[in-house]
Structures are given as C-alpha cells and as structure tokens.
Amino acid sequence: MKDSHGRVIDYLRLSLTDRCNFRCVYCMPEDGVCQMGHDEILRIEEIERLVHVAAGLGIRSVRLTGGEPLVRKGVVDLVRAITDIPGIENVSMTTNGVLLPAMVDDLKAAGLSRVNISLDTLDAEQFRAITRVGRLEDTLAGIDAALEAGLSPVKVNAVTVRSLNQDFLAFAKLSLDRPLHVRFIEYMPVGNAEGEGGTGWGVVDVIPSEELIKRISAEAAAAGLPALVPASRSSKPVGWGPARYFEFPGAAGTVGFISPLSRHFCGECNRLRVTADGKVRPCLFSDDEYDVRAALRAGDDAAARDVLLTALGAKPDEHHDKVGTERNMSQIGG
C-alpha cells in the first residue's frame, strides 16, 4: 500500500509492552513510567488480528518492540502466530538482549528471523549508568546467543551521544571478526528525557553521521586499520530501515549509520507504528495517534482496517525538524 506521498508502506512496528527490565535514561524516568493497566494494552489475540488486517493491506514485515518485548508473556507463541499469517514475510525484534540466552532457541523455532540488540556503550560502568540497572555482560551474552542460534542478521544498535564520549572505534571493530552489523543512531531528543530529571542531553549532543564516519575512519587509521568504505551489496544486512552501511575491507560484518536528524530519510519511510495500548502513529516525531484498540476489541476488522488507512493517509512528508513528543520512547515503542 502507498501513502499520500507515494511511499510504499509495508513495515509495521508493534510495541508489545511499555514495561522493561532496564531504566535507560533516555527512555524512561528512574522510577519507571506509570505502567499501563492489563486492560489497556493490546491482548495477544488482538495483536494477531491487527497483523492479519495489516497484511491484507500490504504489510509484509513486522518488528516487535517495547519497552522490552521479551518481558511480555506469550511472546514466543505470538511470533509463531504472526509468522503463520499469509503475506507476512519477516518477523524481527528489537531487544536489550538480556533474556535472549534463555529464549532465543524457542524464538528462532517459532519463526523469528532477525534481531536488533540495543547497546550504547562497551564500558561496564557507563552501561550501568545509562541503563540504571543493567549489566554489560548480560547484553553481550545476548549478542553471543543470537549469533550462536543462527539469527541473521544480528544488528547492534548504539545511540550516539556527544556527552557520553563513547568509544566508537571499539564498537565498529565488533564487525571485524563476527557477522555483526553495528549501527550508530543519532540521538533523538524524544519525549521527556531531556533536562532536569532526565538525561540533561539536548540537540548539542547529536553527532551528525558524516562527522562520525570521518571520526571512526581517522581513529582506525591511527590504529593501523583501513578506513571505512561503502559496503558491497553482498555485505549489507537484510533489513527494511534507512541505515547507510560501510565496512572495513575484509570484515565479517558492517558498520551502519542512521541519521534521523542530520539526513532526513522521510522520503524513504516505509512504516507505521502501533503502541502497546493500540494507538497507530504515522510518524515517530508526531503526537498524532489513531485508536485501533476499540475496533479490535469489538472484533470489527473492517473498522480496524479503516483506522490503519486513516493513519496511512496522515503520514507527513517529513518531520520538519520536529523533535520531542508527549510520550517517552518506552511508551511509543523503540
């Protein structure tokens, strides 16, 4: 299906829960968000029905997000059910990786094809500070488990923040020996994460991807490594997002850059988002939402279809430098 700007929309991002086993500083307050009640979030069967309706409109790829999707009871059965829906070609997930070692084999058997693992630093103390409760070794174990289970591609998503002074070359070098696809994502000041009580980060902490590419290449040269070069077609990981991929010559993986602020990719947008409480968001940076939960709860597939089409028609041509929304990322779906 196409939106009013002629873009093909075939990708649905579904948040399964606003709950998480981390408390990342840019995602939610330290004491967590006011969690949605059990009756507020979409039931498993309602999510299945929604994907059925969306597949009938042309959705082909589904990504499950959160909060942390692996804390949602019934997630393995949901993956299996979505995989079996006619028209759905790929089911993937974004996770912090902590629960993957215990669940990845079941998820893969259910039909999960790929995974994105969020990891913003390779420094254990900084990891603890960012996540407030997490341990670096647990997320690294999740990456190992995903590779060992044969999920492909396995992508590592790192939000880049100038104030953190992250070791970007160390991240990029993760792609040298294993088929890991490291993606650097420009920090987006979304929700209430900024300022007092939040991260304290702002627009000045956005590191434009072009600057970061040059920085990593310079640091690589100083370390005796070749500079990054555009990844060959055969090296690029399968996916539906807007990342630009590079590689170190001869590396097993790639290094990607996602530039929502410095290089708008709105013209390539191919997605709709659905929050855990059943609101369809045409754009991450817009607070416009369309309630599909009522139609699903009433068992009215035609009405649910109309909500999706209305949201599709409301997709903006671009976000016009708008950042910041009323919801935190854990409530929108990462």
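A: A residue is called buried when its relative accessible area is under 20%, exposed when the value is over 50%, and partly exposed in between, with a 1.4 Å probe and protein chains only. The structure shown is a predicted model, in which local features need pLDDT of at least 70 and side-chain atom pairs count only at pLDDT 80 or more, while totals for chains, interfaces and linings use all residues. Residues are numbered from 1 along each chain as its sequence is written, and side-chain values use heavy atoms, with hydrogens and water left out.

Helices (H or I, at least four residues) and strands (E, at least two) are DSSP runs, numbered from the N terminus. An unreviewed UniProt entry lists Arg13, Arg63, Thr94, Lys155, Arg271, Leu272 and Arg273 under "binding site". Such positions are given in the numbering used here, with feature names shortened, and the annotations may be inferred rather than shown by experiment.

What does Leu272 touch, not counting residues up to four places away in sequence? Contact means heavy atoms within 4.5 Å. The partners of Leu272 are Met1, Ile9, Tyr11, Leu12, Arg13, Val280, Arg281, Pro282, Leu308, Ala311, Leu312 and Lys315. Arg13, one of these partners, is itself named in the UniProt "binding site" list.

Helix 9 covers residues 301–313 and contains Arg305. Arg305 is partly exposed, because its relative accessible area is 39%. Leaving aside neighbours within four places in sequence, Arg305 is in contact with Val53 and Leu57. The C-alpha atoms of Arg305 and Leu50 are separated by 8.5 Å, although these residues are 255 residues apart along the chain.

The next element to consider is helix 1. Helix 1 comprises residues 44–57. Helix 1 packs with helix 2 (residues 75–83) at an angle of about 20 degrees, and their axes are 10 Å apart. Axes are lines fitted to C-alpha atoms, for helices over the stretch in contact, and angles run from 0 to 180 degrees between N-to-C directions. Helix 1 is therefore roughly parallel to helix 2; angles under 35 degrees count as roughly parallel, over 145 as roughly antiparallel, 65 to 115 as roughly perpendicular and the rest as oblique. The residues that make the contact are Ile44, Ile47, Glu48 and Val51 of helix 1, together with Leu78, Ala81 and Ile82 of helix 2. The crossing of helix 1 and helix 2 is right-handed, a term used when the near helix is turned clockwise from the far one by less than a right angle, whereas anticlockwise gives left-handed.

The loop between strand 1 (11–15) and helix 1 holds Cys20, and Cys24 is found in the loop between strand 1 and helix 1 too. UniProt, in an unreviewed entry, lists Cys20, Cys24 and Cys27 under "binding site". Cys20 touches Met28, Gly67, Glu68 and Asn96, not counting residues up to four places away in sequence. Cys24 is buried, with a relative accessible area of 13%. Apart from neighbours within four places in sequence, Cys24 is in contact with Ile130, Thr131 and Arg132.

Val154 is found in strand 5, residues 154–160, and Val154 is buried, with a relative accessible area of 1%. Val154 and Ile117 are 37 residues apart in sequence and 7.6 Å apart in space, C-alpha to C-alpha. When residues up to four places away in sequence are not counted, Val154 touches Val115, Ile117, Ala146, Leu147, Pro179, Leu180 and His181.

Finally, the chain as a whole can be described. The protein chain has 10 helices and 12 strands. Buried residues make up 56% of its 334 residues. Of the contacts in the protein chain with a separation of 6 or more, 73% are between residues 24 or more positions apart.
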